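Biologist: Can you walk me through this model? I'll ask as I go.

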There are 2 protein chains.
Amino acid sequence: MLEVFENKKAVVLLSGGLDSSTLAYYVKNMGYDLYPISFDYGQKSRRELDASIKIGRSLGVKDHKFIKIDLKSIGGSALTSDIDVPKTGDLDNKRQEISDKKDIPITYVPARNTIFLSIALAYAEVIDADVIFYGANCIDYSGYPDCRPEFIDAFNNLAKWGTKKGVEGKTIEIEAPFLFYTKKDIVKTALDLGVPIEETWSCYDDGDEPCGRCDSCIIRQKAIDEVNAEIRNEKKNR
Amino acid sequence: MLEVFENKKAVVLLSGGLDSSTLAYYVKNMGYDLYPISFDYGQKSRRELDASIKIGRSLGVKDHKFIKIDLKSIGGSALTSDIDVPKTGDLDNKRQEISDKKDIPITYVPARNTIFLSIALAYAEVIDADVIFYGANCIDYSGYPDCRPEFIDAFNNLAKWGTKKGVEGKTIEIEAPFLFYTKKDIVKTALDLGVPIEETWSCYDDGDEPCGRCDSCIIRQKAIDEVNAEIRNEKKNR
């Protein structure tokens, strides 16, 4: 634990997925006082919210903020509307498509992360936290615009101009320590920190079990399989 | 009516106050198809929402979006919490204070306009509107950080990076045509455009009648009185 962050407050965006759950453990491990914030935004994946509650409890947080906001009524995404969650399967092709055609998948929820960060910004300002941790990742991801470093820079600039803290010359910094992690790096970090991975929920779809075929399930499982294979290999070579 | 904007969609942030109501009339007068969005964010001033409905109807809008978001649970402002709305009375002193001490009043709702613009951004992206109109004003105002030109520039930059439209090289522009208007200019515009000023609601407090003593009531009434005096004067001199 790093003493420098002890008793410092950190807001953490906690969806209950693998990345944000690992992030919450990571931030706690740095010594921060955790203030997780989770959103019921009308997502199909209701299990995600349950997962966020479980992870919050496993971290022993005192104050876990839940905010309800009906993005379903705005629509425009397979995660919130009647549009089916695509079961892509073919990840390598998909990643190529993203980089070639700048094709944003239908699981993109318009401006969702902008909205979440804005609300987290309000919360950070009220509880006087200087930092908001955000589990964005732009390596093994679905190609969402609001997971890129330029987006985070732009949000940090906005936070400076749009808050009382900014006027007073203080800052509320958005930090995304996993931005350039591969999904394998995240899985390894989760294992190092003792994250109860089985309690996290990454699937985009509804249902009692992960579908195993959406982007998010596939990216997650591939990384877990690879890390497991490495661990087996290391044991073998010892 | 300007043909250039005909059949173009515009999202308009409509609180039901004088500024945003005048803005909605102004945007309609430009020829745009209006898509107002209003927020029930737990504000004390419940009459504000009623006013937004009345103004929406008076404009004959087809689709008025209402979004509920509980900023009361985040708190930190006299507009949402148990903190009393200050009854300042002395406006000129107040304005000097703002510019001297960078003192943001307790009626500032942390990151509120960032949150509203973010949700409006999602809505604009889904309905394929290129523009969001926002009634910010930095002349006769309470000194809020999220009503300044730098804030709007920062949000425009964020909108570019955080949306699918931005990735595709298109834009969703935030426009604040009243940014440098005095409140008198806004009142005059309202009169020119036939805005039913009596239906708008500017008071920060709850209650069936405007309190007449909060910043918002005072700034509004002073401008209306001045414009009325000018009109009387003009009639006299004719």
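Biologist: What stands opposite A:L13 in β2(A)?
Modeller: A:I37 stands opposite A:L13 there. This is a predicted model, where local features need pLDDT of at least 70, side-chain atom pairs count only at pLDDT 80 or more, and totals for chains, interfaces and linings use all residues. Residues are numbered from 1 along each chain as its sequence is written, and chains are lettered from A and ligands numbered from 1 in the order in which they are written.

Biologist: How many bridges hold β1 and β2 of chain A?
Modeller: Strand β1 (residues 9-13) and strand β2 (residues 33-40) of chain A pair over 5 bridges, in the parallel sense. Two strands count as paired if DSSP finds at least two bridges between them. Strands are DSSP runs of E, at least two residues; helices are runs of H or I, at least four; both are numbered from the N terminus.

Biologist: What's the strand order in that sheet of chain A?
Modeller: The order is β3-β2-β1-β4-β5. The sheet is open, with 5 strands and parallel pairing.

Biologist: Why is one side of β3 and of β5 in chain A left without a neighbour?
Modeller: β3 (65-68) and β5 (173-175) of chain A stand at the edges, each with a single partner strand, so one side of each has no neighbour in the sheet. Neighbouring strands are turned by 25 degrees against each other on average, direction ignored.

Biologist: Which strands does helix α1 of chain A lie across?
Modeller: Helix α1 (residues 18-29) of chain A lies across β1, β2 and β4 (131-133) of chain A. It runs at about 170 degrees to β1(A). Angles run from 0 to 180 degrees between N-to-C directions; axes are lines fitted to C-alpha atoms, for helices over the stretch in contact.

Biologist: And what does α4 of chain A touch?
Modeller: Helix α4 (residues 112-127) of chain A packs on the sheet and touches β1, β2, β3, β4 and β5 of chain A. Its direction makes about 160 degrees with that of β1(A). Contact requires C-beta atoms, placed from the backbone, within 7 Å.

Biologist: New topic. Is A:K68 buried or exposed?
Modeller: A:K68 is exposed, because it has 12 other C-beta atoms within 10 Å. The cut-offs are 20 or more for buried, 12 or fewer for exposed, and partly exposed in between, with C-beta atoms placed from the backbone and counted within 10 Å of the residue's own. A:K68 sits in strand β3 of chain A.

Biologist: Which residues does A:K68 touch?
Modeller: A:D40 and B:D70, not counting residues up to four places away in sequence. Its C-alpha is also 8.2 Å from that of A:G42, 26 residues apart along the chain.

Biologist: Now the helix pair. At what angle do α7 and α8 of chain A pack?
Modeller: About 65 degrees, with axes 9 Å apart; α7 covers residues 183-193 and α8 covers residues 215-237 of chain A. The contact has A:K183, A:K184, A:V187 and A:K188 on α7(A), and A:I219, A:R220, A:A223, A:I224, A:E226 and A:V227 on α8(A).

Biologist: What about chain B? Which strand order does its sheet have?
Modeller: Chain B has an open sheet of 5 strands in the order β3-β2-β1-β4-β5, with parallel pairing. B:L13 stands opposite B:I37 in β2(B).

Biologist: Last one. How many helices and strands are in chain A?
Modeller: Chain A has 8 helices and 5 strands. Buried residues make up 47% of its 238 residues. The C-alpha trace spans about 50 × 50 × 35 Å along its principal axes.

How values were computed. Contact = placed C-beta atoms within 7 Å.
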